[in-house]
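Here is a friendly walk through one protein model, with the sequence and the structure side by side.

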Amino acid sequence: MNYLNKTALVTGGSSGIGLAIAKELARRGSQVIIVGRDTSNTEDAIAELAVISRTSVRGITVDLSQAGAIQRIQQQIEGQPIDILVNCAGFGTAGEFYMQDAAKERDEIAVNVVALTDLIHVFLPAMIERRSGVVLNIASTAAFQPLARAAVYAATKSYVLSLSIALHQECKSYGVQVAALCPGMTRTKFFDKANWHTTRDTERTFRTVEQVANTAMQLIESARPYRIDGLRNTILAHFARLIGPSLSARLSDSFMRSNHN
Ligand SMILES: NC(=O)c1ccc[n+]([C@@H]2O[C@H](COP(=O)([O-])OP(=O)(O)OC[C@H]3O[C@@H](n4cnc5c(N)ncnc54)[C@H](OP(=O)(O)O)[C@@H]3O)[C@@H](O)[C@H]2O)c1
């Protein structure tokens, strides 16, 4: 894959996994446009990327849970062709469903599912016309089983994985790579933001954003529809599939109980 003279739009590029992927793309010579919600996070990320990048780095601040967010992104990029779309923006909620704030979980669906789908609708047709392009969607190992105590989050990520595999099949004959990256637990601000407490034992197994970004680049350059980051996560995800959704929901319940106060 030639990254030079390519433009990448990375949602969630202001932090964590999205920023690490944006850095890999910038290092390879692509022009990077990051999308974040928080202005100061986005400015800090632009400054980090500018040190690496061979071309200009741009940032767009927009709340993807809000109506009109996609139109704002379209206005800001002013018709510039997007060669690589990385849908990484997302967040989780943890705890029993009946105790969750309904509006927050609606926003979670709006960001993790609706905005991701809308952005593919905006940029995929031109990629197909050009017979080249990449859409990388960030799912999760949570996509492989129902997660008691993170029920909405896991359901959003199942959607992302399912959509990506189906679009991969539709788009491969047009020369467009659509794929889902499935990270397991990774050291970012994700868990603090989700009020998702983790134990020291669990934290020892966390992957780094650099490891995840490395897997993301391998996936972009492969012809695969999805990839799980890390051997341990791969084994756990396949085990969840093997034992089926009911038993894996039961196991996730006890895991989440020990990880969530
Ligand atoms: N960390 C993990 O263990 C893990 C595992 C599997 C999958 N993932 C997935 O990886 C992706 C990135 O998460 P992360 O771990 O890197 O967490 P993170 O550091 O919290 O990054 C989340 C990114 O999404 C952006 N974002 C969140 N809500 C948004 C909104 N309403 N509008 C616009 N941007 C929004 C954030 O922007 P601001 O900072 O500006 O708010 C930030 O750039 C998510 O889709 C997450 O579900 C994470």
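Which residues line the largest cavity?

## The cavity

Thr11, Leu64, Asn87, Ala89, Val111, Ala115, Leu116 and Leu119 form that lining. This is a predicted model, in which local features need pLDDT of at least 70, side-chain atom pairs count only at pLDDT 80 or more, and totals for chains, interfaces and linings use all residues. Residues are numbered from 1 along each chain as its sequence is written, and side-chain values use heavy atoms, with hydrogens and water left out.

Searching the whole structure turns up one cavity of 30 Å³ or more, and the volume of the largest cavity is about 40 Å³. Here a cavity is a set of points, on a 1 Å grid over the protein atoms alone, where a 1.4 Å probe fits but cannot get out; lining residues have an atom within 4 Å of a point. Grid points are joined across faces, edges and corners, and the volume is the space filled by probe spheres set on the points.

Helix 4 (residues 102-130) gives the most to this lining, with four residues. By type, the lining has six nonpolar residues, two polar and no charged; Ala, Val, Leu, Ile, Met, Phe, Trp, Tyr, Cys and Pro count as nonpolar, Asp, Glu, Lys and Arg as charged, and the others, Gly among them, as polar.

Seven strands make an open sheet in the order 3-2-1-4-5-6-7, with parallel pairing. Strand 3 (57-61) and strand 7 (226-228) are at the edges with a single partner strand each, so one side of each has no neighbour in the sheet. Helices (H or I, at least four residues) and strands (E, at least two) are DSSP runs numbered from the N terminus, and two strands pair if DSSP finds at least two bridges between them.

Strand 4 (residues 84-87) pairs with strand 5 (residues 133-138) in the parallel sense over four bridges, and Leu85 stands opposite Val135 in strand 5. Strand 2 and strand 3 are joined in the parallel sense over five bridges, with Val35 opposite Ile60 in strand 3.

Notes
On a 1 Å grid over the protein atoms alone, a cavity is a set of points where a 1.4 Å probe fits but cannot get out, and a pocket is an open set with protein on both sides within 12 Å along at least five of seven lines; lining residues have an atom within 4 Å of a point.
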